[in-house]
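Let's take a walk through this structure together. Have the sequence and the 3D view open, and we'll go one stop at a time.

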Amino acid sequence: MSATAASAATLEDVLRERHRRCLPALGRLKLLARNGRGTGRDVRAATAEVLGELDAAEAVLLDALSGSVRREALAHFLGCRVNRLRIVAEHAAATADAGDLPVLRRLLYQFHALAEAMWKVQLGLQIRDPRSVVGGT
């Protein structure tokens, strides 16, 4: 396997591992949406776990794109999407504290859908030649 192929495989492996790590938290959020027995603390803990893994994956991607003209555009795009996720997460936690189950369900399903969409973007990003992305090293 060439160094380029190894770098691409390593990047993909790291991103897939980050995604795998957030799956239990996404599952907990789905359970909370179904049974409505969660508190704001439960919602905050699970959403923070997901956001932490997304942030870590974003850092890996942006590092791999250092020196690329695509880096700034991707950083802006991902930043806007993560900000939207953070807003939904905080609204969901406040709604759980207020005990409004129908709204909580809607917000948790929205958070789940947005988080999965972020993972699809991050996992689907094609870095064809990591050497050209990192300035020819």
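Let's begin with Gln122, which sits in helix 4. Keep in mind that this is a predicted model. Is Gln122 buried or exposed? With a relative accessible area of 1%, Gln122 is buried, since anything under 20% counts that way. Leaving aside residues up to four places away in sequence, Gln122 touches Leu15, Leu54, Ala57, Glu58, Leu61 and Leu78.

One of those neighbours, Leu78, also takes part in the contact between helix 3 and helix 4, so let's look at that pair next. Two packed helices are described by the angle between their axes and the distance between the axes. Here, helix 3 (residues 70–98) and helix 4 (residues 101–124) pack at about 160 degrees, with axes 9 Å apart. An angle over 145 degrees counts as roughly antiparallel, and so helix 3 and helix 4 are roughly antiparallel to each other. The crossing of helix 3 past helix 4 is left-handed. On the helix 3 side, the contact residues include Phe77, Leu78, Arg81 and Leu85, while helix 4 brings, among others, Leu108, Phe111, Leu114 and Gln122. What kinds of residues make up this contact? They split into 18 nonpolar, four polar and two charged.

In soluble globular proteins, nonpolar side chains tend to be buried together. The largest nonpolar core in this model has 35 residues, and the ones touching the most other members are Val43, Val50, Leu85, Leu108 and Phe111. Helix 1 (3–35), helix 2 (40–64), helix 3 and helix 4 each supply at least two residues of this core. Zoom in on Leu85: not counting residues up to four places away in sequence, Leu85 touches Leu51, Leu54, Phe111, Leu114, Ala115 and Met118.

Glu53 is in helix 2, and at 12% relative accessibility Glu53 counts as buried. Which residues does Glu53 touch, not counting those up to four places away in sequence? They are Arg18, Arg21, Cys22 and Trp119. Arg16 and Trp119 are 103 residues apart in sequence, yet their C-alpha atoms are 9.0 Å apart in space. Arg16 itself counts as partly exposed, at 44% relative accessibility.

Technical notes:
Residues numbered from 1 in each chain as written. Predicted model: local features only at pLDDT ≥ 70, side-chain atom pairs only at ≥ 80, totals over all residues. Heavy atoms only, no water. Axes fitted to C-alpha atoms, helices over the stretch in contact; angles between N-to-C directions. Helix = DSSP H or I, 4+ residues; strand = E, 2+ residues; numbered from the N terminus. Parallel < 35°, antiparallel > 145°, perpendicular 65-115°, else oblique. Left-handed = near helix turned anticlockwise from the far one by under 90°. Contact = heavy atoms within 4.5 Å. Nonpolar A, V, L, I, M, F, W, Y, C, P; charged D, E, K, R; others polar. Core = buried A, V, L, I, M, F, W, Y, C linked by side-chain atoms within 4.5 Å. Buried < 20%, exposed > 50% of the residue type's maximum accessible area, 1.4 Å probe, protein only.
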